[in-house]
Amino acid sequence: MTRIDDTFARLKAEGKKAFVGYVMAGDPDFDASLDLVRGLPAAGVDIIELGLPFTDPMADGPTIQLAGQRALEGGMTLARTLELVRRFRETDAVTPIVLMGYYNPIYSRGVPRFLEEAKAAGIDGLIVVDLPPEEDAELCLPAQAAGLNFIRLATPTTDATRLPRVLQNTSGFVYYVSVTGITGAAAAVAGDVGPEVARIKAATDLPVIVGFGIRSPETARDIASVADGAVVGSAIVKLCEDQRPVADILAFVRTLAQGAHSA
Amino acid sequence: MPDDLINSFLNGPDENGRFGDFGGRFVSETLMPLILELEKQYDFAKTDPEFWAEMDWLWKHYVGRPSPLYFAERLTEHCGGAKIYLKRDELNHTGAHKINNVLGQIILARRMGKTRIIAETGAGQHGVATATVCAKFGLKCVVYMGAHDVERQKPNVFRMRLLGAEVVPVTSGRGTLKDAMNDALRDWVTNVRDTFYCIGTVAGPHPYPAMVRDFQAIIGQEAKAQMQEQEGRLPDTIIAAIGGGSNAMGLFHPFLDDKEVRIIGVEAGGKGVDDKMQHCASLTGGRPGVLHGNRTYLLQDEDGQILEGFSISAGLDYPGIGPEHAWLHDTGRAEYVAITDREALDAFQLCCALEGIIPALEPSHALAHVLKIAPELPKDHIICMNMCGRGDKDIFAVAEHLGVQM
């Protein structure tokens, strides 16, 4: 059982849907980012998705691309990202952290070394956008062996023949990408998402969380009502781009979390 | 890997798209079903006589193939050593080898029922070739080009627009070729159902590296037959310039199992391959990593962040290289060297003066290496170099470097 499994068990007991909040590690700098991450659980975030900055984020829209650039310019690295998680764990031992990013920084560090350090730092799961099931031997299988969840993306193009393969080595939860596209782009529509989530849930016992294209408390509620929870990323990161104070960002996060939790 | 452990260099990639440890399918899940479908379609087309009949017809009547194999007599005299032959792919329609591959991909796209074609381009040659073939077949065409390249390659931007393509200047990241490729991938992931991504080089997720290579291999196949005709034997050395590496892979592939043929790839050394990293020599100055769907040698920092390439030639300005080249490098089957901007410019001018051929800056890098080694080689040694593009697009950049006002 990881912190992710514990969290879903708790939410189930409380009859609540999950709210997952994404922020970019080190945006705009280490200290401000740590302050923000530390405030997320109290603002209602059940699972923290922490972006690992990368120069070439092919699946991300402009908002998250720019956040990554700000973080890199501020001196963020994979090692500093793990340090941020370690610092967060000094004051929070229960909120799961899922690291989300691209494979090259991890590959560059060396998979065994990365897994050891990630585990020690207090990371619970990984979402690596450019590692489909075809490349499971790279990181997915070693990560699961090391006790980390490997959370897979399922998308509108993941058809019935492919779905079993996508679910096969997934753990923690399934992340359903609500639209074909990049983060922060088209708006998710609960009417479209519902049947897709049902299709995935029929094939797995894992919770199904929906992300991409959710930017308001209302949409978070609508989407969460047809799934096990909702993810918001770009809409939160946008406030970082606008250099809003941490308290303002957390206030917005609170409204999103209330939206998802009211589903 | 020792040479005797490999029966043939022609068997790659394996069923997972790997050349040794390189290659693969490192893309988001949204794209995976389409990439698998493309692989299926390509596997079918590969052995479909109708597909190749259509290609052959277009290559002959639309592109102007076969391109000549030309004995460069005055360059040979100038060097005083090996005989220098140029494979004249710069004479193709649109002025470079790029169209060989574009035709193949567009025929596949039509077979797959795709109505919208996207492409990335650096110098604009692949963009122009894609816009050209899309115009011929009446397909919608969108070309992603780094904002910086749009500025320095204005004639090609105008050509693409004349041909009916939409040219999108890319400002994300640092607005270069790799960012153009990122934005093309973002477009593809968004419009995956009706859109075909026509990649311009032997990189990207499987099956692109193998597919683009197979479409470019016409270069090496012709060169091999033409050399037999003219010299009655194989060349001793074959040389080509490498950015992503499609013209080189096209020349090299039919010769890979001819172990007596020496194979040399020439990377862009920019201002010199040293710790200042002002170059694009991924094999000479990079290390293995994962980007744009494949594992290959990349220019990157210690944290695995991708670095910008630097070269006088916009067509070589890419921080990676095709995975098959990475494999040929590691197995030792091919050698890879770097040539600086300065050396390429000198070769460019010499080729104009001695042969009446204005080469593109990309093959000028290959020629610069020919000029280095030919004088040391015996007179019966035969070098075959791929003249993969013509220099019309580069005259403004060259003038600027020579301090000439136009």
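Here is what to click on, starting with two annotated residues and ending at the contact between the chains.

This is a predicted model, where local features need pLDDT of at least 70, side-chain atom pairs count only at pLDDT 80 or more, and totals for chains, interfaces and linings use all residues. Residues are numbered from 1 along each chain as written, chains are lettered from A in the order written, and side-chain values use heavy atoms, without hydrogens and water.

Select Glu49(A) and Asp60(A): an unreviewed UniProt entry places the feature "active site" at both. Such annotations may be inferred rather than shown by experiment.

Zoom in on Glu49(A), in strand β2 (residues 47-51) of chain A; strands are DSSP E runs of at least two residues, helices H or I runs of at least four. Glu49(A) is buried, at 1% relative accessible area (buried means under 20%, with a 1.4 Å probe and protein chains only).

Now hop to Asp60(A), in the loop between β2 and α3 (62-73) of chain A. Asp60(A) is buried too, at 9%. Beyond its neighbours within four places in sequence, its contacts (heavy atoms within 4.5 Å) include Tyr102(A) and, from the other chain, Arg186(B).

Next, show both chains: 37 residues of chain A are in contact with 38 of chain B. Count the salt bridges between chain A and chain B and you get five (a Lys or Arg side-chain nitrogen within 4 Å of an Asp or Glu carboxyl oxygen). To see a salt bridge, pick Glu138(A) and Arg295(B), 2.5 Å from N to O. Finish on α5(A), which gives five residues, the largest share of chain A's side touching chain B.

Key
Buried means under 20% relative accessible area, exposed over 50%, partly exposed in between (1.4 Å probe, protein chains only).
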